[in-house]
Amino acid sequence: MAINWGFNIARPRAVDMDANDLSITRRIMAQMPEFQACIACGSCTATCTAGNLTSFNFRRVHTLVRRGEYEGAYEEMGKCMLCGKCRLSCPRGINTRGLVMLIKRELEDK
Ligand code: SF4
Ligand code: SF4
């Protein structure tokens with residue numbers, strides 16, 4: 001008989017990178033190596049024009065893509081207005097606007 005302790009042990013939320021299919025991520029990284037320098041600071045999201053008008057969160061989406069979690073990423077990237085403001089604020093000098101287009105191109109057929 002199961003004992004009710006009044007709490008459950010939560011499933012770990014750690015990301016198992018070995019379990020994810022990283023093939024598209026590798027292709028993106030090969031074409032834009034500077035993306036590896038992203039420190040997930042969120043400046044791109046804080047300055048994002050589309051993020052002010054919609055639920056678009058650029059850092060969240062590109063972080064998921066780096067983890068090999070592509071579901072919904074293409075649709076989310078479609079909210080980007082390609083204004084380029086995020087590129088001006090990135091402390092790592094990543095071509096974030098180009099990254100949006102690259103991710104969309106790579107995920108197009110997925
Ligand atoms: S601003 Fe640059 S370094 Fe910061 S989360 Fe965005 S892409 Fe990464
Ligand atoms: S280019 Fe896209 S992601 Fe970057 S600030 Fe403009 S709308 Fe946001």
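Ligand 1 has 13 residues around it, and Cys38, Cys41, Ser43, Cys44 and Cys90 come nearest. A residue counts as near if its C-beta atom, placed from the backbone, lies within 6 Å of the molecule. This is a predicted model: local features need pLDDT of at least 70, side-chain atom pairs count only at pLDDT 80 or more, and totals for chains, interfaces and linings use all residues. Residues are numbered from 1 along each chain as its sequence is written, while chains are lettered from A and ligands numbered from 1 in the order in which they are written.

Around ligand 2 there are 16 residues; the closest are Cys48, Ala50, Cys80, Cys83 and Cys86. Helices H3 (49-53), H6 (85-89) and H7 (96-107) each give that shell at least two residues. Helices are DSSP runs (H or I, at least four residues), numbered from the N terminus.

The shells by class:

Valine 100 lies in helix H7. Valine 100 is buried because 25 other C-beta atoms lie within 10 Å; the cut-off for buried is 20 or more. Glutamate 76 is 24 residues from valine 100 in sequence and 9.9 Å away, C-alpha to C-alpha.

The chain has seven helices and zero strands. Its C-alpha atoms fill a box of roughly 60 × 30 × 25 Å along the principal axes.

Terms used:
A residue is buried if 20 or more other C-beta atoms lie within 10 Å of its own, exposed if 12 or fewer, and partly exposed in between; C-beta atoms are placed from the backbone.
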